[in-house]
Amino acid sequence: MKLKIALLLSLVLLFSCLAACLRHGGSGNPGSQKYEAEFIGLFDTLTRVMGYAETEEEFRATVQALKDDLEVYHRLYDIYKDYPGLVNIRSLNRQAGQGPVEVDPKIIDLLLFAREAYDLTDGRVNVALGALTAIWHRYRENGISHPETARLPDRKLLEEAAGHTAIEDLIIDPASHTVELKDPQMRLDVGAIAKGYAVEQAARAAEARGVKHLLISVGGNVRAIGARNDEGESWRVGIENPDHTAEDYLAIVRAADQSVVTSGVYERFYLVDGRSYHHIIDPDSLFPENRYLSVSIITPDSGLADVLSTALFNLDLEEGKRLIGGLEQTEALWCLPDGSLVESEGFASLKAD
Ligand code: AMP
Ligand code: MG
């Protein structure tokens, strides 16, 4: 229930945020009209799309094609649900320890990207953590539906699972289109990267179809195609305040061909003895740590943004700053437990006035 409320609240805020962005933003191209569309169900969240088009039909066709693309990724990358006749990440998990499994090239590409993410973040984002995150998922779900029985998982249980999280046991063979989970107890959890990666691929496909200006938000994972108009005026994207009682955003940033992605403790959490435990697991401590309330990333690639926002959660501020500082066109905003903000070096230049 709490989860639902939190989700709803964040969606409400996102709505107002995007509405605010557009109000601030003024009009698009001369002769074109502003259109918005939204749909639920993909990646368990709300998708909003906005842009300017000459006709409503033109906009609807753009949105439909985008939605169709996202749906393909959603099904392939699902770890909780089966789809008849489809081999997805859930099927892969079920066949752990049973040899190579033939998969769609989109799964191969995601997992190759996941390996890059592991290397870039020194294992702070590890899709092979599934055995561990599944335990936390179970305890969290139980804690949300039965708060009176909410408990923390036993450390022994977590340590046992941590013994089955070696990324080396994920064998990807692009030539034969197969993936093998060598360790029978290993599980993939692509929750930290799949949405951002899918949004990036869908956005690129839209660009290839000729879409020049569009703002896509899949549950707050925002990707801007182009600027808002041919004059190059940027989209404005509000960064959600983890304090849902606050009225303003943490920041409003300008985005053109950029992604704005946030990981926040408010997205999924449960309470044990009055203390909150969120959904990002530190592979060193095996627990969710309380370093930040949220971390936002601005960088062109939405897949990278998704990776980094999760990774920074598992890094101290100085380590995180070093990681961001070494990447081109990449900025970050950390919201600390006391609500104060820390910006990466070039973040200020992206803020809207
Ligand atoms: P995000 O909301 O993008 O930060 O991703 C969080 C989700 O990624 C969680 O709900 C888990 O499914 C998964 N996850 C949690 N911790 C990790 C981690 N250290 N590495 C990879 N995936 C993780
Ligand atoms: Mg992420």
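This report walks through the ligand site, the aromatic pairs and a few loop residues of a predicted model.

## The ligand and its shell

Let us start with ligand 1. There are 17 residues around this ligand, and those that come nearest are Asp189, Ser263, Ile281, Asp306 and Thr310.

The side chain of Arg268 places an N or O atom 3.0 Å from an oxygen atom of ligand 1. Ile281 takes part through its backbone, where a polar atom is 2.8 Å from a nitrogen atom of the ligand. Asp306 brings a polar side-chain atom to 2.9 Å from an oxygen atom of ligand 1. How much of ligand 1 does the protein bury? Taken alone, the ligand exposes 500 Å², and 95% of that is buried by the protein.

Searching the whole structure turns up 9 aromatic pairs. One of them joins Tyr35 and Phe59: the ring centres are 5.6 Å apart and the planes meet at 25°, so this pair is stacked, the cut-off being under 30 degrees.

## An edge-to-face pair

A pair of aromatic rings is described by the distance of the centres and the angle of the planes. For Tyr292 and Phe313 the centres are 6.1 Å apart and the planes stand at 90°, so the pair is edge-to-face. Here, too, distant parts of the chain are linked: Tyr292 sits in the loop between β12 (275-278) and β13 (294-299), while Phe313 is in helix α8 (residues 302-313), and the two are 21 residues apart.

Tyr292 counts as buried because its relative accessibility is 4%, and the cut-off is under 20%. Phe313, with 1% relative accessibility, is also buried.

Some aromatic residues gather in a group. Which residues form one aromatic cluster? They are Tyr73, Tyr77, Phe113 and Tyr197.

## Loop residues with a positive phi

Most residues other than glycine have a negative phi. Asp44 is not a glycine, yet its phi is positive, at about 50°. Asp44 is located in the loop between β1 and β2 (46-53), and its relative accessibility of 62% makes it exposed.

Gln329 also has a positive phi of about 50° without being a glycine. The loop that holds Gln329 runs between α9 (317-325) and β14. With a relative accessible area of 57%, Gln329 is exposed.

Ser340 belongs to the loop between β14 (331-335) and β15 (341-343). At 32% relative accessible area, Ser340 is partly exposed.

How far apart are Ser340 and Val87 in space? From C-alpha to C-alpha the distance is 44 Å, and in sequence the two residues are 253 residues apart.

Notes:
Residues are numbered from 1 along each chain as its sequence is written. Chains are lettered from A and ligands numbered from 1 in the order in which they are written. This is a predicted model: local features need pLDDT of at least 70, side-chain atom pairs count only at pLDDT 80 or more; totals for chains, interfaces and linings use all residues. Side-chain values use heavy atoms; hydrogens and water are left out. A residue is near a molecule or strand if one of its heavy atoms lies within 4 Å of it. A polar contact is a pair of N or O atoms within 3.5 Å; within protein, one must be able to donate a hydrogen and the other to accept it, and residues adjacent in sequence count only if both atoms are side-chain atoms. Accessible areas come from the Shrake-Rupley method with a 1.4 Å probe; for residues, only the protein chains shown count as cover. Rings of Phe, Tyr and Trp (its six-membered ring) pair if their centres lie within 6.5 Å; planes under 30 degrees apart count as stacked, over 60 as edge-to-face and the rest as tilted. Helices (H or I, at least four residues) and strands (E, at least two) are DSSP runs, numbered from the N terminus. Buried means under 20% relative accessible area, exposed over 50%, partly exposed in between (1.4 Å probe, protein chains only).
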